[in-house]
Amino acid sequence: MSIQNTTVIQNIRLDDNASQLIIVDQTLLPQKLVYLALSTREEFYTAIKTLQVRGAPAIGIFAGYAMYLLAKGQCAKSYDEFKKRFLLDAACLNSSRPTAVNLSWALKRMEKVVQMHDNINDAILALRAEAIAIHDEDIDMCTRISKYGLSLLKDGDTILTHCNAGPLATSRYGTAIGPILLGHEKGLQFHVYADETRPLLQGARLTSYELAKAGIDVTLICDNMASLVMKQGKINAVFVGCDRIAANGDFANKIGTSAVAILARYYGIPFYTLGPSSTIDFNTASGDDIEIELRNEDEIKSMWYKEPMALDEVKCYNPSFDVTDHSLLTAIITEKGIVYPPFDINLKKLFL
Ligand code: MRU
């Protein structure tokens, strides 16, 4: 499948009557491309919680449309009641996953729309427009990020990536995968090493899928092989996504990212995170203040195996994200440009 086809996979969209949210069920890839039609608060909550929709920007886009549909489906008798129910729905979705700031960022944007109105019909129309704006802005931001990222690569480069920060995790192109897809469209040749990304295997199931379908030379490795391929001189740069960038440049991303950053520093390989401004959280001073999601032990012990791979009584610790210290970052690639250290000063200069 060509890149054009890949980008045509619309991972999140309203149906033709704007009554349901259609998403790709990311838990079933790469074996099955299944679309889900969602409309209730429970379905929206579960989709985020179980990673049917995942990736920080995609969660934000999803939340925008979900709040529009929930507001539209209300039968409130007064604007006060409408607002009250809206806030309860938003709080419910916000509690689904804590680490990616794009979720609360999108919910706050939708909430602001409700606060600005006093009439239900007007508010619903404005909520629809806001959800579409969040989506369109993400397409624009990812395109710009991809261009900036591409400016750091040269034809023939090999890039290592961790987790999935491609079109499925965003709107179009993606963030960390965006420069590679964009470069490929322009006829450049890249090779990508994709970490499989234990325990939920986003690298194996999603990144290598997206890249292979786009016709990009991709090699899948286990997470613990990154050091060897770096040592062998195979990697020119590391590109990863992010779920929350703190004001000082520390950032949360999929568990294992910080280990890759430490390895890259050791081997002298440039290490970049790529993310839109919707992922930057100036209210979070440093990575120490980022809440790390803890997930079920089954994801480690039994989810991918016929038989559990550890005894019942063995405890598991399953943090879903880690924080990479800003000192390990070469630069942060955003839609407004490439930000170099000192990040606390330069992020503010560009965005505030
Ligand atoms: O748990 P996930 O799969 O939602 O984690 C996703 C990541 O860590 C991505 O790298 C991040 O959200 C950036 S997506 C552009």
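R109 is buried, with a relative accessible area of 18%; buried means under 20% relative accessible area, exposed over 50%, and partly exposed in between, with a 1.4 Å probe and protein chains only. The model is predicted: local features need pLDDT of at least 70, side-chain atom pairs count only at pLDDT 80 or more, and totals for chains, interfaces and linings use all residues. Residues are numbered from 1 along each chain as its sequence is written, and side-chain values use heavy atoms, with hydrogens and water left out.

R109 forms a salt bridge with E137, that is, a side-chain nitrogen of Lys or Arg lies within 4 Å of a carboxyl oxygen of Asp or Glu. E137 is partly exposed, at 32% relative accessible area. E137 lies in helix α6 (residues 120-150) and R109 in helix α5 (residues 101-116), so the pair ties together parts that are 28 residues apart in sequence. Helices are DSSP runs (H or I, at least four residues), numbered from the N terminus.

The structure holds eleven salt bridges, including those tabulated here.

| Pair | Closest N to O distance |
|---|---|
| E137 and R109 | 2.7 Å |
| R295 and E293 | 2.7 Å |

E81 and R85 both belong to helix α4 (residues 79-94), where they are four residues apart, about one turn of the helix. E81 is partly exposed at 24%, and R85 is partly exposed at 34% relative accessibility.

R295 is buried at 16% relative accessibility, and E293 is buried at 4%. A network of salt bridges links R97, E293, R295 and E299.

Technical notes:
Helix = DSSP H or I, 4+ residues; strand = E, 2+ residues; numbered from the N terminus.
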